[in-house]
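Here is a brief report on a single protein chain. Look at the sequence and the model first.

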Amino acid sequence: MRYFISVFLLILVSPQFQTFKDCGSKSATISDVAITGCVDGICNFTRNESINVKLGFMPVTYVKSVTMTLNATFQFAHGDVSVRLMKENGCDCCLDCPLYQFKNVTINKYIEVPEQFPS
């Protein structure tokens, strides 16, 4: 049985406000998202540099395998940029599977800021 954990990150206005939205995780509850480069709601990212995304969640059922998808939309005064930052097997990259019901899990994943990120 395969389960999906999906998080949508939204970085707003220049980017000055950060929030996240769970985009359909049926087998886990997302509890926390932290991103390096963001302090007091202001985020500073540079193209082709790595940021650390820390994601906390709790499976609501026993999970044998995980497909992790991380999308981000950066909203700027001159327009939005949407990018897929990650889609991979979580058990291969950063999780010790299986995951157990109601046991908190934290993922620390370094992701490169994509070239299409506005300057």
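K87 sits in strand β8. This is a predicted model. Is K87 buried or exposed? K87 counts as exposed, because its relative accessibility is 53% and the cut-off for exposed is over 50%.

Which residues does K87 touch, once those up to four places away in sequence are set aside? They are T67, M68 and T69. N71 lies 16 residues from K87 in sequence. In space, their C-alpha atoms are 8.6 Å apart.

## The nonpolar core

The largest nonpolar core has 26 residues. Within this core, F45, F57, L95 and L99 touch the most other members. Five named strands each give two or more residues to the core: β3 (28-35), β6 (50-59), β7 (65-76), β8 (79-89) and β9 (105-112).

Take L95, one of those core residues. Neighbours within four places in sequence are left out here. L95 is then in contact with F57, V66, M68, G90, V105 and I107. M68 is also among the residues that K87 touches.

## The chain as a whole

The protein chain has nine strands and one helix. From the N terminus, the order is β-β-β-β-β-β-β-β-α-β.

The chain holds 119 residues, and 43% of them are buried.

How much of the contact set with a separation of 6 or more comes from residues 24 or more positions apart? Such pairs account for 65% of those contacts.

Technical notes: Residues are numbered from 1 along each chain as its sequence is written. This is a predicted model: local features need pLDDT of at least 70, side-chain atom pairs count only at pLDDT 80 or more; totals for chains, interfaces and linings use all residues. Side-chain values use heavy atoms; hydrogens and water are left out. A nonpolar core is a set of buried Ala, Val, Leu, Ile, Met, Phe, Trp, Tyr and Cys residues joined through side-chain atoms within 4.5 Å. Buried means under 20% relative accessible area, exposed over 50%, partly exposed in between (1.4 Å probe, protein chains only). Helices (H or I, at least four residues) and strands (E, at least two) are DSSP runs, numbered from the N terminus. Contact means heavy atoms within 4.5 Å.
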